Amino acid sequence: MSDTLLEVREVSKTFTLGSRKTLKAVENVSFGVEQNSICVLLGPSGCGKSTVLRTATEGRVALGGKAVTGPGQDRGMVFQAYTSFDWLSVRKNVEFGMKVNNIDAAKRRERTNHFLNLVGLSKFADAYPSQLSGGMRQRVAIARTLANDPEVLLMDEPFGALDAETRWLMQELMIDVAEKTNTTMVIVTHDLEEAIFLADKIIFLSSHPGRVKEEIIPAFKAGKRIADKEHIIRMNGYSDLEEKLMRLMREEGHREN
Amino acid sequence: MTNSKPPRDFFSVRSHVGRVQGIISAIGIWAIFFGVWIVATSLGWVNELLVPSPQKVLTATHDLFVNRGFSSDVLVSVGRVFISFAMACTVAIPLGVAMGTFPSIEAIFAPFVSAWRYLPAPSFIPILLMWFGTGEAPKLALLFIGVIFFLITLVMDHTKNVRTELIETALTLGASRYVIVLKVVFPAAFPDIVTAMRQMMAMAWTYLVIAEIVASTTGIGAMMMRARRFLKTDEILSGIIVIGVLGLLTDVLFRVLHRQLFPYIEVKH
């Protein structure tokens with residue numbers, strides 16, 4: 001967990017509002033994501049977390065030492081909104097990326113089965129996405145992205161639209177996936193619990209403009225990932241970290257009002 | 001679970017209408033319509049020459065089909081609608097999808113298409129007759145003009161409604177532009193495009209009748225104009241009914257097509 005895979009260097013983004021006004025959404029955000037680690041971008045809403053993540057699909061970022069230009073297969077993206085292709089079965093959804101990248105049919109099939117199994121959707125391979133629940137649809141999106149063999153998995157509030165129970169089951173699934181596949185992940189969230197549970201490293205962004213306020217390593221986990229949520233909340237140091245993050249969050253809120 | 005259900009209030013706000021009530025309601029309104037028509041004609045409330053009884057219209061329809069070769073007129077009309085509609089779709093669907101996908105293409109065609117939409121298609125009839133004579137061409141051209149510009153706009157709008165996340169997802173999966181248009185944007189918009197086609201089909205029928213009434217010796221509209229000359233109101237009404245039934249049938253056809261093409265939309269219910 002020491003080689004830096006993804007380098008975000010001095011990313012800034014200014015939006016134009018009308019003809020005169022501009023809004024600096026993100027300013028000089030830099031951080032690195034280590035190989036096989038889970039990095040969580042945390043911050044109040046409107047701090048430009050998603051903007052930073054999108055620059056990772058658009059450019060101004062180095063992946064494995066090489067500058068990135070335009071979106072591509074090496075950076076898989078999972079969105080908050082459901083992005084399943086409704087006209088394709090679950091299996092065909094998962095195969096989509098591989099088909100686009102000319103992976104041969106036998107390998108496609110094998111990888112599809114593997115990743116459907118990983119996210120627990122083997123039984124639903126021939127269903128249409130419209131027949132699935134919200135959580136299952138997000139699992140299709142995750143399987144589809146992983147099956148495409150990206151270098152890094154970028155997730156923009158992936159569980160934001162799900163109900164509470166589904167949400168923590170999905171968080172546990174992500175730990176399981178990370179352990180089994182060694183996928184490097186960058187996850188955007190504003191959910192403190194989610195951040196602590198998933199993160200090997202938390203990048204806390206301040207708002208207006210978004211800057212890196214603090215880089216936090218959840219030291220209480222001692223470099224390990226915890227597989228279930230009821231376990232982690234009882235660990236020493238968990239509530240201290242949650243309190244700290246809450247304080248950071250509140251500071252940002254006050255600055256705004 | 002028992003069979004002593006409380007009686008439903010007829011005026012319950014936005015509650016589901018049961019199957020039986022739905023059927024009774026649909027048949028009922030038509031029964032009243034024909035009932036009033038029959039009573040009015042048999043009691044002599046209306047001039048029999050101007051408003052023939054439903055029975056007379058039915059007899060006239062039967063006579064038209066069996067003894068007067070009306071089916072060839074109907075076939076001619078149906079052929080005109082389908083040929084011109086197919087031509088309009090061949091141009092409008094690719095163009096509309098392209099305009100909805102590429103703002104650069106939209107910038108070229110949108111100002112042109114939206115201006116044409118405000119020109120009533122029948123206003124072209126005189127010039128179409130001069131250009132194409134009295135054969136099939138002017139009728140097909142009128143239907144084509146009447147349908148295509150609205151269809152292009154509808155297809156473009158439906159294409160624009162395809163969510164950006166779907167396109168971004170495909171991009172991050174490594175899809176090329178070609179794949180995105182053909183494998184993501186088009187399939188995502190396709191169900192709505194078929195619905196747009198269904199709506200425009202009704203418009204095609206409207207223009208067909210206008211074309212046939214104004215300048216034609218064949219087709220349903222032409223038959224009705226012939227009937228007018230001989231004061232055959234029953235035959236005029238037959239024509240109207242046949243057009244209505246044909247319109248209804250094409251609508252049903254499109255619904256069935258929609259269900260067959262897009263099973264994933266229906267499975268939700």
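**Note on the two-chain predicted model**

1. Asn102(A) sits in the loop between α2 and α3 (105–118) of chain A; helices here are DSSP runs of H or I with at least four residues, strands are runs of E with at least two, and both are numbered from the N terminus. The phi of Asn102(A) is near 55 degrees, a positive value in a residue other than glycine. Most residues other than glycine have a negative phi. Asn102(A) is exposed, with 8 other C-beta atoms within 10 Å. The cut-offs are 20 or more other C-beta atoms within 10 Å for buried, 12 or fewer for exposed, and in between for partly exposed, with C-beta atoms placed from the backbone.

2. This is a predicted model, in which local features need pLDDT of at least 70 and side-chain atom pairs count only at pLDDT 80 or more, while totals for chains, interfaces and linings use all residues. Residues are numbered from 1 along each chain as its sequence is written, and chains are lettered from A and ligands numbered from 1 in the order in which they are written.

3. Chain A has eight helices and ten strands. Its radius of gyration is 18 Å, which agrees with the value near 18 Å for a compact globule of 257 residues; the radius is taken over C-alpha atoms, and the globule rule is 2.2 Å times the number of residues to the power 0.38. The C-alpha trace of chain A spans about 55 × 50 × 35 Å along its principal axes. Of the 257 residues in chain A, 40% are buried.

4. Chain B has eleven helices and zero strands. The radius of gyration of chain B is 24 Å, well over the 18 Å that the globule rule gives for 269 residues, so chain B is more spread out than a compact globule. Along the principal axes, the C-alpha trace of chain B spans about 75 × 75 × 30 Å. Buried residues are 32% of the 269 residues in chain B.

5. Which residues have the most contacts inside the largest nonpolar core? They are Leu142(B), Leu143(B), Val147(B), Ile148(B), Leu151(B), Val155(B) and Ala204(B), in a core of 62 residues. Such a core is a set of buried Ala, Val, Leu, Ile, Met, Phe, Trp, Tyr and Cys residues joined through C-beta atoms within 7 Å. The elements of chain B that give two or more residues to this core include α3, α6 (136–160), α8 and α10. The most comes from α8(B), with 15 residues. A second, separate core of 54 residues includes Leu6(A), Leu42(A), Val68(A) and Leu146(A). In soluble globular proteins, nonpolar side chains tend to be buried together.

6. Not counting residues up to four places away in sequence, Ile148(B) touches Ala88(B), Val91(B) and Ala92(B). Contact means that the C-beta atoms of two residues, placed from the backbone, lie within 7 Å.

7. Helix α9 (residues 220–229) of chain B has as its buried residues Ile220(B), Gly221(B), Ala222(B), Met223(B) and Met224(B). These pack against α3 (70–101), α8 (177–214) and α10 (233–261) of chain B. Leu231(B) lies in the loop between α9 and α10 of chain B, and is exposed, with 11 other C-beta atoms within 10 Å.

8. The axes of α2(B) and α10(B) come within 8 Å and cross at roughly 75 degrees. Axes are lines fitted to C-alpha atoms, for helices over the stretch in contact, and angles run from 0 to 180 degrees between N-to-C directions. The two helices, α2(B) and α10(B), are therefore roughly perpendicular to each other, a term that covers 65 to 115 degrees; under 35 is roughly parallel, over 145 roughly antiparallel, and the rest oblique. Lys56(B), Val57(B), Ala60(B), Thr61(B) and Leu64(B) of α2(B) meet Asp234(B), Glu235(B), Leu237(B), Ser238(B) and Ile241(B) of α10(B). The residues of this contact divide into five nonpolar, two polar and three charged. Here Ala, Val, Leu, Ile, Met, Phe, Trp, Tyr, Cys and Pro count as nonpolar, Asp, Glu, Lys and Arg as charged, and the others, Gly among them, as polar.

9. Between the chains, the contact takes 21 residues from chain A and 16 residues from chain B. On the side of chain A that touches chain B, β6 (75–78) and α2 (90–100) of chain A are the elements giving two or more residues. The residues on that side divide into nine nonpolar, ten polar and two charged.
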